[in-house]
Amino acid sequence: MTTTAEPSTTRRGGATAAMGAMALGGFAIGTTEFATMGLLPQVAETFDISIPTAGHAISLYALGVVVGAPLIAGLAAKLPRKGLLIALTIALAVGNGLSALAPNTTLLMVSRFVAGLPHGAFFGIAAVVATTLVPPERRGTAVARIMVGLTVANLVGVPVATAAGQQIGWRVAYLAVTVIALFTTLSLARWLPRIPAARDAGVAAELRAFRRPQVWFALVTGMIGFGGMFAVYSYISPITTEVTGLPGSAVPWALATFGLGMTLGAMTGGRFIDRSVMGSVFGGLIVTAAVLVAFALTATVPVLAFTLVFLLGYVTQVLAAALQVRLMDASPDAPSLASSSNHAALNLANGAGAWLGGLAIAAGWGFTSTAWVGVALSLAGLAVAALSVVVERRSAARAPEYAAS
């Protein structure tokens with residue numbers, strides 16, 4: 001399945017501007033996804049609820065991603081790509097605008113679900129569109145540029161939104177994302193070329209990807225293994241203040257440290273994936289578990305806590321990219337749904353990690369218990385990845401037998 005941009009898009013400047021517009025959308029999405037984690041205490045105080053209950057806003061956003069990513073990518077398979085991406089950024093603006101205006105907990109939760117709906121479809125479709133704007137040998141670079149918006153959001157957008165939310169009020173963070181999303185809409189309308197859907201596009205064609213066992217193994221690995229990071233990161237604000245013993249003003253710095261790790265992971269982690277995709281998956285899960293063990297034991301020491309937060313950001317970004325490549329390798333003929341489903345899987349991990357971490361806190365085990373929850377999830381994801389390799393090798397061994405018969 002391929003799409004082709006109109007002739008004018010072959011100009012380098014036009015392609016760069018178009019990818020910049022899509023990266024800006026990634027910046028808005030990354031900011032709204034992760035800023036909530038740094039503002040949980042303020043949200044909880046506003047509505048007079050516990051921090052674990054406020055954490056449900058994270059879970060419902062993730063649920064919106066899980067529902068919206070495959071649903072939109074499948075049902076909108078025949079729509080022109082430019083119009084679809086514009087519609088998704090408008091939906092993002094609406095969801096965040098409603099979040100900023102929510103008068104009670106129920107409407108906030110509904111608004112976060114709505115805000116999550118366009119997330120996965122936007123990234124999945126933008127990644128496919130980006131590859132049509134450049135020569136084939138630069139496809140990887142194009143996709144990386146789209147994802148840079150997400151990593152820069154964690155480096156700059158989330159800390160700034162968190163600091164502003166602490167000083168002015170958490171609603172300002174969602175208002176800021178609303179403005180960025182609307183600006184993205186205008187940028188896409190101005191710079192993104194008209195790109196029709198693939199000629200053979202359709203729900204049935206996209207759904208064929210789910211017939212392949214390795215697609216499911218890759219998705220489940222992400223759903224479970226990536227939850228290890230989210231179990232801790234979802235509660236990074238209270239961990240920084242209650243466990244590490246730093247003031248609330250240190251929370252944006254903790255978030256920026258995580259974002260710096262993600263950004264460097266996106267910039268340099270590709271060399272590991274180029275050497276071995278599955279090796280990067282295994283290594284990412286093992287190192288994540290090791291970092292979380294160390295974090296559980298040393299989170300009371302500021303220097304060590306920040307160092308481990310940086311490493312967590314780095315390794316999970318490499319892991320996310322490796323899972324993306326693994327999934328695309330397993331489903332080359334359904335790129336939009338495959339890319340979107342990967343983001344759905346990772347956000348299911350977001351919701352599950354936040355929920356399980358919240359259960360551990362609510363049970364009275366303390367904020368560092370979230371790290372042990374993360375270790376268990378990382379090792380469970382590792383087991384699924386190992387099983388996928390066993391199944392793949394057995395299938396490859398049977399193939400010559402069937403060919404011979």
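The model is predicted: local features need pLDDT of at least 70, side-chain atom pairs count only at pLDDT 80 or more, and totals for chains, interfaces and linings use all residues. Residues are numbered from 1 along each chain as its sequence is written, and side-chain values use heavy atoms, with hydrogens and water left out.

**Aromatic rings**

- The whole structure holds seven aromatic pairs. Rings of Phe, Tyr and Trp (its six-membered ring) pair if their centres lie within 6.5 Å; planes under 30 degrees apart count as stacked, over 60 as edge-to-face and the rest as tilted.
- One of the pairs is Phe34 with Tyr233, edge-to-face, at 5.5 Å centre to centre and 70 degrees between the planes.
- Phe34 is in helix α1 (residues 12–38) and Tyr233 is in helix α11 (residues 227–233), so this pair ties together parts 199 residues apart in sequence. Helices are DSSP runs (H or I, at least four residues), numbered from the N terminus.
- Phe34 and Tyr233 are both buried. Buried means under 20% relative accessible area, exposed over 50%, and partly exposed in between (1.4 Å probe, protein chains only).
- Phe122 and Phe123 also pair edge-to-face, at 6.1 Å centre to centre with 75 degrees between the planes. Both of these residues are buried.
- One aromatic cluster is formed by Phe34, Phe226, Phe230, Tyr233 and Phe258.
- Over the ring of Trp191 sits the charged end of Arg190, 4.2 Å from the ring centre. The criterion is NZ of Lys or CZ of Arg within 6 Å of the ring centre and within 35 degrees of the ring normal.

**Helices α12 and α13**

- The axes of α12 (residues 236–243) and α13 (residues 251–268) come within 9 Å and cross at roughly 125 degrees. Axes are lines fitted to C-alpha atoms, for helices over the stretch in contact, with angles from 0 to 180 degrees between N-to-C directions.
- α12 and α13 are therefore oblique to each other. Angles under 35 degrees count as roughly parallel, over 145 as roughly antiparallel, 65 to 115 as roughly perpendicular and the rest as oblique.
- Ile236, Ser237, Thr240 and Thr241 of α12 make the contact with Val251, Ala254 and Leu255 of α13. Contact means heavy atoms within 4.5 Å.

**Two single residues**

- Thr151 lies in helix α7 (residues 139–168). Thr151 is buried, at 1% relative accessible area.
- Beyond neighbours within four places in sequence, Thr151 contacts Gly259, Met262, Thr263, Ala266 and Gln317.
- Val114, in helix α6 (residues 105–132), is partly exposed at 25% relative accessible area.

Conventions:
Helices (H or I, at least four residues) and strands (E, at least two) are DSSP runs, numbered from the N terminus.
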